[in-house]
Amino acid sequence: MRMKKIICHAAAAAMIFSCAPAAIPTAYAAQGREAVTDTSEDIGFVGNLFCIADSQNADHAELQWSTTLSAKSYTLYRSENGKSGFEPVYEGNGASWQDNSMEMGKEYFYQLAVHTEKGDKYSEVRSLKPCETSGSLDVYDNQHGSNLVYETSGTKVGDKYYSYSLKSHAGQNDIYLAERVSTDGVHFGQERTVADSSQNPDLASCKIESVHIEYAEKTGQIVVWAHWEKPSGYSDGKALVITGTPGGNFKVHHVYNPLDIQVRDMAVFFDDDGTGYLIAAANKSGQGANATIYIFKMNEDYSGVTEVVKKLHEDQYREFPNMIKKDGYYFLFTSQAAGWYPSSGAYTVTKDLYGEWSGLRSIGNSSTFSSQSGWIVNMQDENYLMHAYRWLKGAGTSGTTLCPLYFDNGFAFYDYCPTFRYSTKTGELYPVQEGELLSQDKPASSSIASNSGESPSKAFDGSYQTGFKAIDKSKKWPFYLQVDLESVCELSNIQTSWFIYKGSEAYYTYTVEGSLDGQHWEKLLDRTNKNDETITKTYGFNSDMLSGKARYVRLNVQNATLQNNPNNNWYTPNVFEVKVFGKKVGDAETPSPAVHYDFENVSGGKVPDISGNGNDMTLSGSASAVNDGANGNVLNFDGNADTYGQLPDGILDGCREYTISMDAVSQSEGDFFTFAQGQDKEKYVFFKVAKDHFRFQTTTDTWRGETGLRYDLDGTVWHNYTLSVSGAVARLYVDGELVSETSDLTTGPADMGSKQNCLIGKSYYPEDVMFTGKIDNLQIYKCALTDKEVKAISGGSDAEKAVKGDVNGDGAVNSADLVMLQKYLHGTGTLTVPENGDLIKDGTLDVFDIIEMRKLLIK
């Protein structure tokens, strides 16, 4: 539809809306959709409350999900009524979402829809109620390190507490088991040696790792299993086994290879019936160390093993196994074997230890947040923590990463938080973030090209399993990733999940910049000092505190330094997820165009620039303003030689971000340019509006190096075309609607030198024909406009510019509009823009408009 410049339509002004609140039919009184009761066991869906750092209230929620279904996308619904009133609050391809609009005193209900080729499947409903956290809770700091606080320690047996540890005497390589006893669990007496080399000479000279000391309620004994090796090397892979009675006698049973199998990283698990199992990263002779995970069944007193129950992940080299039983499921967590470097965590699950297990399921990010997946902390069966180890760390940073761990339907979840509040006595656990998550699903771009499935938006989509990755042939260091928060925000934290490769792990050097307008940038963070071990010893994940206000945030990545080859960075730029936290403090300033022409006052071959910047256009040949009826004056091109318009040189010099918007109608075919910006046929940006398509390309190597997009449509009728470009990302809007997008641009005006010219209707190729058609309302911006901003400039009357359903006037239709319309119909609220709510165009606001709005929201 042609976007007219008329400010007001009499028809729109005369539209009559029902002023009295309309009655809601009884069948619809609950509002929204009902909860779906036919739920799928193939979906895991969890929710937890969290706090913002400066608040005692746990009044924000993180929802996480996973599925074995072939999901196309997800829709998350929220309600304040657990049976009905469910409205969509999120739709996308991510794996998590944060609810930052909760109110104290209310309870919220959530249900996830998984959209598949075979139809929609639904999770069970989850509920969360914001609460005030106790000021007496302890705080764990993942940024700088701390220890979990317990009221007591040791194992309580009868009225005494017993503490055990495997130790070495000073200056020796021996190992002995020490026991200490307490009556209050706080003050312990002198240690007693209960097992040493006098019972087994193999303890006289050795080293011990992966120590597990457990109390077996079935036998009333302490059970010790540990990985034993000679003082140097790791070739033996033996298990040290000790059992004994607290306060009594202990016995060293074995230093051996269970069932002639080498075992190293290990865990002990007692099932509900007391049956014991040894889980170990193991291998038979001739295999590589830790090739396969073995589950062994123990004998009755846990002093040995009797059989192999299961072999898992054969030849996948997983290590650090730990198992927990939750809601009838056995969860086995392991990490990728990577020496002392961080590695990816994963888990596998079953309901029958002897039966079929799931495949490995990813959890967390690719580096377990710069750590190695470890053991599980059970907090009174109320909450759980993944206790991961940071073997490499800089001074002043944490040696462990503790992540709140959640379970549902055989799925497990954990995510990073800088700190959390907890009580080991009550099991209370509240993650703490430094602010609200601002960046998820916001407009993103990069300086280098990528394919659509690995575009910059994938680094801001709420999933650690997707990410931005440059096209290999276009890879370039340094590069940047950028996100438009679409509001002015006070920044507090940025969390970056990087690509790392096993055996060639790398640390990254980078800076973070912020901007209010996309043109003027301020450095907010500098992580480039290679003499700083907090930089050089952090692999796979960074969590950095920020300070400053910005609308745009840019992550400038200088380099990746590989630990095994520091002078050869062969990585292709690849970032899995970037999360920017803070709080919104103001609306973004409306961008102003660098040039704007409406062709109403053309005189003497000059078109005045109504932006006020003095960039008048010069017309050549027969290019002229003509009257186009209701559209007013437009610029006409008849296709004759040298008929074109020329803007002043240098308008887009140095720009990596720009937007070009114009109304156009075309009668052109063949090779021609409608808009051209650049130097010559070697270096240029152009787009053409043809009779049957729109085409945009940019290059610094003639037609051979062009990258861009094409969109087919009827160009012989008026449309508004707006091309928004940010780095390697271009988005085409037609009549205000996004219709095409690419992330594979390799060049832009910033690569084309200075004093670039800008032509309308003329190509840089002399053999091309001139443009035949009309244009109007031409605007050029030195920034990439967002969806909302494009809608605002796409022209037309108030009625034509209106966003359907946008009753609160914020330029978009979302759940807030639905709530406002519902309150209006109930007689408890008003509408900012009531005419936007008449979705079925019958002049009355009623329940049928509610139904239409719901359809808009779930598209």
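1. Arg 264 and Glu 229 form a salt bridge, with 3.7 Å between the closest N and O atoms; the term requires a side-chain nitrogen of Lys or Arg within 4 Å of a carboxyl oxygen of Asp or Glu. The pair links distant parts of the chain, 35 residues apart, with Arg 264 in strand β20 (residues 262–270) and Glu 229 in strand β17. Strands are DSSP runs of E with at least two residues, helices are runs of H or I with at least four, and both are numbered from the N terminus. Arg 264 is buried at a relative accessible area of 5%, and Glu 229 is buried at 1%. Buried here means under 20% relative accessible area, exposed over 50%, and partly exposed in between, with a 1.4 Å probe and protein chains only.

2. The model is predicted: local features need pLDDT of at least 70, side-chain atom pairs count only at pLDDT 80 or more, and totals for chains, interfaces and linings use all residues. Residues are numbered from 1 along each chain as its sequence is written, and side-chain values use heavy atoms, leaving out hydrogens and water.

3. The count of salt bridges comes to 29. In one of them, Glu 300 pairs with Lys 218, the closest N and O atoms being 3.4 Å apart. Glu 300 lies in the loop between β22 (292–298) and β23 (305–312) and Lys 218 in the loop between β16 and β17, so this bridge ties together parts that are 82 residues apart in sequence. Glu 300 is exposed, at 59%.

4. Asp 712 and Arg 710 also form a salt bridge, with closest N and O atoms 2.8 Å apart. Arg 710 counts as partly exposed at 47% relative accessibility.

5. Rings of Phe, Tyr and Trp (its six-membered ring) pair if their centres lie within 6.5 Å; planes under 30 degrees apart count as stacked, over 60 as edge-to-face and the rest as tilted. Phe 369 and Tyr 416 make a tilted pair, 5.7 Å centre to centre with 40° between the planes. Phe 369 is in the loop between β27 (361–362) and β28 (372–379) and Tyr 416 in the loop between β31 (411–414) and β32 (419–422), so the pair ties together parts 47 residues apart in sequence. Both residues, Phe 369 and Tyr 416, are buried.

6. A cluster linked by ring pairs includes Trp 477 and Phe 479. Trp 477 is joined to Pro 478 by a cis peptide bond, with omega about -5°. Pro 478 lies in the loop between β36 (468–469) and β37 (479–498).

7. The charged end of Lys 207 sits over the ring of Tyr 234, 3.9 Å from its centre; this term requires NZ of Lys or CZ of Arg within 6 Å of the ring centre and within 35 degrees of the ring normal. Tyr 234 is in the loop between β17 (221–229) and β18 (238–244) and counts as partly exposed at 37% relative accessibility. The charged end of Arg 554 sits over the ring of Trp 521, 4.1 Å from its centre.

8. Two backbone angles deserve a check. Ser 210, in strand β16 (residues 207–216), has a positive phi near 45°. Thr 702 has a positive phi near 50° and is found in the loop between β51 (693–699) and β52 (707–712). Thr 702 counts as buried at 6% relative accessibility.
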